[in-house]
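Here is a short report for a first look at this structure.

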Amino acid sequence: IMADTLRPSCVEEKYWDQRYRLFSRFDMGIKLDQESWYSVTPEVIAEHLAERCRCEVILDVFCGSGGNAIQFAYTCERVFAVDIDAEKLENAKHNARIYGVEDRIEFIQGNAIEMLKNGYFKDIVDVVFMSPPWGGPSYAKKQVFDLHSVNLSHGHQNVDLFDLISIAFETSPDVAYFLPRNVNQVQCAQVRLGPCKEVELEHHIISEKVKTCVAYYGEFLISER
């Protein structure tokens, strides 16, 4: 059977061709909704992030279909994985079972922003990891990605990606923020930086192409690595 004949009609060929980069165990039954095909962190990057964020307890905000949460489960004692989308959360649970780490992850359906603002995880987690929606694949067409250009729902209000960083600091001073490769780096440094007063930007390269960027905040994530 030709591999392309197995491609769901809703999945573009360029994403289908990357399926093993997203999950090396894809053929064991990995489940993804349409949005996750272009938003899941490539596995090799997720593995690196998990090493960089190694701690006792980590919070994966906007966990999606579980690409990062699965890798965190290999390096952290406990993972809280939050998403508002029930389908994504069910897929994440299913995918975690394929990797044998479901018992180390607590999946929670809910509005992650409200949970952060209400102190749901305060004094519980060591590191907050955030990989929020970037507004779809069109982000790549922008010369510079503006953190103010994407708004996320918070009750009757909206929070943009710039303000989201400060909200995360209310839970932990150690935050890893997964962002597009073309993010406005000045904005990453303009936010209230918490006790550390520093930010470290790290770019990820696959096949000689810059794919993504992470902004690290906090003494634990910066000085210990």
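## The largest pocket

Seven elements each supply at least two residues of the lining of the largest pocket: α1 (13–16), α2 (19–22), α4, β2 (78–83), α6 (112–117), β5 (151–154) and β9 (209–217). The largest share comes from β9, with four residues. The model is predicted.

The volume of the largest pocket is about 1300 Å³. Its lining counts 48 residues, and the closest to its centre are Tyr38, Ser39, Val40, Trp134 and Tyr139. Sorted by class, the lining has 22 nonpolar, 16 polar and ten charged residues.

## The enclosed space

How is empty space found? Rolling a probe the size of a water molecule over the atoms shows where it is left.

The structure holds one cavity of 30 Å³ or more. The space in the largest cavity is about 30 Å³. Which residues line the largest cavity? They are Leu22, Phe23, Thr41, Glu43, Ala46, Gly67, Ile70, Gln71 and Tyr99. By class, five are nonpolar, three are polar and one is charged.

The largest share belongs to α4, with three residues.

## Helix α4

Is α4 mostly covered or mostly open? Mostly covered: eight of its nine residues are buried. The buried ones are Gly67, Asn68, Ala69, Ile70, Gln71, Phe72, Ala73 and Thr75.

What covers the buried residues of α4? The cover includes two helices, α3 and α5 (86–98). It also includes the strands β1 (57–61), β2, β3 (105–109) and β4 (127–130).

## Tyr15 in α1

Tyr15 belongs to helix α1. Is Tyr15 buried or exposed? Its relative accessibility is 16%, so Tyr15 counts as buried. Setting aside residues up to four places away in sequence, Tyr15 touches Trp37, Tyr38 and Pro137. Of these, Tyr38 is also among the residues closest to the centre of the largest pocket.

Tyr15 and Val61 are 46 residues apart along the chain. Their C-alpha atoms are separated by 23 Å.

## Glu106 in β3

Glu106 sits in strand β3. With a relative accessible area of 35%, Glu106 is partly exposed.

Which residues does Glu106 contact, leaving aside neighbours within four places in sequence? They are Arg78, Val79, Phe80 and Ala81. Glu106 and Ala69 are 37 residues apart along the chain, and their C-alpha atoms are separated by 9.7 Å. Ala69 is one of the buried residues of α4, and β3 is included in what covers them.

## Aromatic rings

How many aromatic pairs does the whole structure hold? A search finds twelve. One aromatic cluster is formed by Trp16, Tyr20, Phe26 and Trp37. Trp37 is also one of the residues that Tyr15 touches.

A charged side chain meets a ring elsewhere. Arg52 lies over the face of Tyr216, at 3.9 Å from the ring centre.

How values were computed: Residues numbered from 1 in each chain as written. Predicted model: local features only at pLDDT ≥ 70, side-chain atom pairs only at ≥ 80, totals over all residues. Heavy atoms only, no water. Phe/Tyr/Trp six-rings, centres within 6.5 Å; stacked < 30°, edge-to-face > 60°. Lys NZ or Arg CZ within 6 Å of the ring centre and 35° of its normal. 1 Å grid on protein atoms, 1.4 Å probe; cavity = no way out; pocket = protein on both sides within 12 Å on 5 of 7 lines; lining within 4 Å. Points joined across faces, edges and corners; volume = space filled by probe spheres on them. Nonpolar A, V, L, I, M, F, W, Y, C, P; charged D, E, K, R; others polar. Buried < 20%, exposed > 50% of the residue type's maximum accessible area, 1.4 Å probe, protein only. Contact = heavy atoms within 4.5 Å.
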